[in-house]
Amino acid sequence: MIRSRFQEIDDICIDTLCESGILLWNYTESGREITFFGRRNIELFFGSSVNRFTMSWNDFLDLSVHSADRSDIEQELVRVLHSSNDFTAVVRIKYSEKDQWEWVKIFGKLTPNNSATDSVTNSATKNIWGTIRILPFVTNIHNIHDNQNQNQNQNTTNSLTANGVEISKIAALNTDDQLKIIFDTVPMSCVFVNPDGLIWACNTTALQFFGINERTNSSLNLVNFSPKFQSNGRRSEELITEKIEESIKKGRIVFDWIHQKNDGEQIPTKITLVRFKQGEQYIVAGYIQDIRELKQIQGERDQERVLLRNILNCSPVCFVIVDTKGCVNFVTPFTTDFLGINVGDTLSDYFIDQKIREWLKKELEQNGLINWHPIAMKTQNEIAKEMLANMFFIDYYGTKAIMVWLIDVTEIRHAERELRLARDAAEASVRTKSEFLANMSHEIRTPMNAILGMAGLALRTELTPKQREYIEAAEQSARLLLRIINDILDFSKIEAGRMMMEYHEFSLSEVIDDLDALVAESANKKHLALSFELAKGVPIHLMGDSVRLRQVLVNLVGNAIKFTSEGSINVFIDVVEQDGLSVLLRFSVRDSGIGITPEQMRLLFRPFTQADASTTRKYGGTGLGLAISKSIVGMMKGEIKCESQPGHGTTFIFTARFGLPLEGEVLEDFSEIRTDALLLGDRHDSLSAIRNYLELLKCKVVAQYETPNDFEVFLNSNRMDEIDFIIFDFDHLERNGLPMYTALRDRNFVNMPLLVFSNHPDLDRFLKEKKISNSIQQIQKPIVVSDLFNILMLVTSEKKKVMIEAKKKSRSQGEKRQSSVSFLLPESIRGAKILLAEDNRINQMVATEMLKMEGFNVDVASNGRIALEMIQNNHYDLVLMDIQMPEMDGLEATKIIRSDPRFSNLPILAMTAHAMTGDRELSIEAGMNDHITKPIDQALLFNTLAKWIRKS
């Protein structure tokens, strides 16, 4: 029956479908054209007020389909044309009314077209009829906007539309088959009802929705598929009659409706009724959209809104939404209670600093975001609040707005200020104490240097036994006083967190030997048996701070000797754990002394605390030694403890972690052995690269020469004693290298430096012809750091051998100081000229006598200004510079000296009573090469001089 009516209602069908919000389309295969129908939806999607228009398929893709979806819809078209299946696709097309992309679902069915209007082939072609439907709640996924392209696309679309009105021919529009396709492909239920509400036609979707198998039935009414009452309490029968009458009167209405299926399931729907006139009679077309999913989404959205609103209402953070003019559109209750802001207020009124408000506005316009910027706001009661603000733009119900989060940090800022004041006060206190200690250290060390210096000088003269005994006692007491001073300074460093641990290679046996030499005399005087024992497997060569390890051991063994009147003292060392890179050693110092009570043990490691603090106490001390030892052990990643019983002796046990040398045997720490190099070559860039590598390895490059004449000048300057090795790097050995080597060989130096030749194709022949064989090393080109490092290790190892032999010779002569004692200095530096900058007369005399006894020539300057003048007018091989002097101190004088390129290589050593943390760094920063503290240790002084003096 429906077939007989299609011809009758063809125009009605198209118009009503278009009114329902569905866009009709027809694709013609022969011309690859697509035609759209329905004025309302054409205007909605394409912005043109026409009933239909035609454009090419490619133009449709380019102008209307999102670029990311074009391949999908093209592939679907090809598939349908070749398989005769239904067309379906979900893509984004241009939504002209809002200038945005809209997600749509496209349906279609394939039909053959035998119309004679096919002018291209005049034979059977294929058409696709279908519908386009906007998908709810999937809109505006990507808003792609470009004014220039938009205008260009709009002009093209209007042109095509105009052409479509004139030339489009929808030949098959009036055929029953194609009208049936249009009607049945609509993705919603479509019905035709008369003014009485009787259904006289419907599509396949409606049949499935209502659950009936006939398209028409004279007894069926929309009421038959509805519950007795609607959600508003009205009877369905009355209400549907009113709605039909309203649609006939108004032309088109949309309303919600509850449908009920045969099984009793109730379905929420949205009905669109459109009036059309057929002859003298009105016909109403109804489109029923199942909105169950929409209702579910709306319900979930409403729940999320309620949840979000509850979260915002309970949040202890201020939250405001304002429009672009600053007017408050939304505010949470907490914000109103905390700041007093209400809807309709102007947010800027609550800013204390309007300049900050202007800056925030400008920053927000430029970057679109304010990320927790500190601001100051005031409440309704004019109470200032420090806050952090986060702001960004949002879409608030279709209008541009600003979301503002405000966090109160007033109390946090107040606490920060209090902490800052407390920190500043603590730092000021530490500075005051450090300055006091520095001043006291300097004032004590200056006369102490004189006492120890004069005692040392006196002991090197002819003395009677009684005189020697008196002076040795005075020297011993001075050294004890110096130890106390050092303990106080060490404790100050620990308190300030400024005690630094060094990391160098050292020999554990050397530490034990030094410990034995320092404490043996005290043990012998009390007839105590002192022994040292190493367990099997203890590595001798370690990486760490040997000085601090020796300090802890001296402190513990010294205490053991002090509190033991008879018996023995044993130092035992064993391994706790070891891996390939480090070892944890355990040191046990056991004595047979008086022991310690449990009460005394609890106070052992507290600073300034002694086991016996009474006025009748037998044993002295500052009470700092164990506290310092505990801190040092902690810095060595270890722990210290004590085991004791009164009358049965005491054992102190501590652990310390040390690194292990990666390879080779190291007899002593020679990490600061200086190596000097000379570079000879005929390529400046190559020599410069080698120089950079050597300086990176802490090697001093004395000079580099590229011509024989320049090298001849250096040979005549008597500076060859400084050179440890020479690198020859020549492209032309015969022409450039031979003259320089010949000049060197002809000098016939007693101590010839190591000669290093870079690889060359003629090198072997050259060496053989010139009979060069002794002290020759070869390195490959291109020269790399590792090869130069090996050369430095070779040179350093030779220097080590000399120093070790000298040290062994010194030990074989005994540890006791004799009146004829003389320090082992290289003969090449004796006679060097030294400038001593020192303002204290006694210290001048002490240092001068020490230096002259070892064969040095000494000039004295009483302050930095005089030292500058003397350096300008005389040649010196080294300068010993005091720091604290009148008129000009040593730091300022050194900086001025270093500013003159003539004195860039002049060694300057600080010799000063400044021994606090950071003093050495200040000296090095000013341009000094090294730092020696007073009272002067003669061995340290002369070793340092041997390191830096290069007599010319």
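This is a predicted model: local features need pLDDT of at least 70, side-chain atom pairs count only at pLDDT 80 or more; totals for chains, interfaces and linings use all residues.
User: Why is Ser644 called buried?

Analyst: Buried means under 20% relative accessible area, exposed means over 50%, and partly exposed is in between (1.4 Å probe, protein chains only). Ser644 has a relative accessible area of 17%, so it counts as buried.

User: And what makes Cys327 partly exposed, while Cys202 is buried?

Analyst: Cys327 has a relative accessible area of 25%, so it goes down as partly exposed. Cys202 sits at 2%, so it is buried. Across the protein, 45% of the 952 residues count as buried.

User: How do you know that Cys202 is in no disulfide?

Analyst: A disulfide here is a pair of cysteine sulfur atoms within 2.5 Å. By that rule the count comes to zero disulfides. For Cys202, the nearest cysteine sulfur belongs to Cys190 and is 9.4 Å away.

User: What does the side chain of Ser644 have polar contacts with?

Analyst: A polar contact is a pair of N or O atoms within 3.5 Å; within protein, one must be able to donate a hydrogen and the other to accept it, and residues adjacent in sequence count only if both atoms are side-chain atoms. A polar atom of the Ser644 side chain lies 2.8 Å from the backbone nitrogen of Ile596, and one lies 3.0 Å from the backbone oxygen of Gly649. Ser644 itself is in strand S22 (residues 640–644).

User: What makes S24 and S26 a pair?

Analyst: Strands are DSSP runs of E, at least two residues, and helices are runs of H or I, at least four residues, both numbered from the N terminus. Two strands pair if DSSP finds at least two bridges between them. S24 (residues 676–681) and S26 (residues 725–729) have five bridges in the parallel sense, and Leu679 has Ile727 of S26 as its bridge partner.

User: Why are S25 and S28 edge strands?

Analyst: The open sheet runs S25-S24-S26-S27-S28, with parallel pairing. S25 (700–705) and S28 (776–779) each have a single partner strand, so one side of each has no neighbour in the sheet.

Key:
Residues are numbered from 1 along each chain as its sequence is written. Side-chain values use heavy atoms; hydrogens and water are left out.
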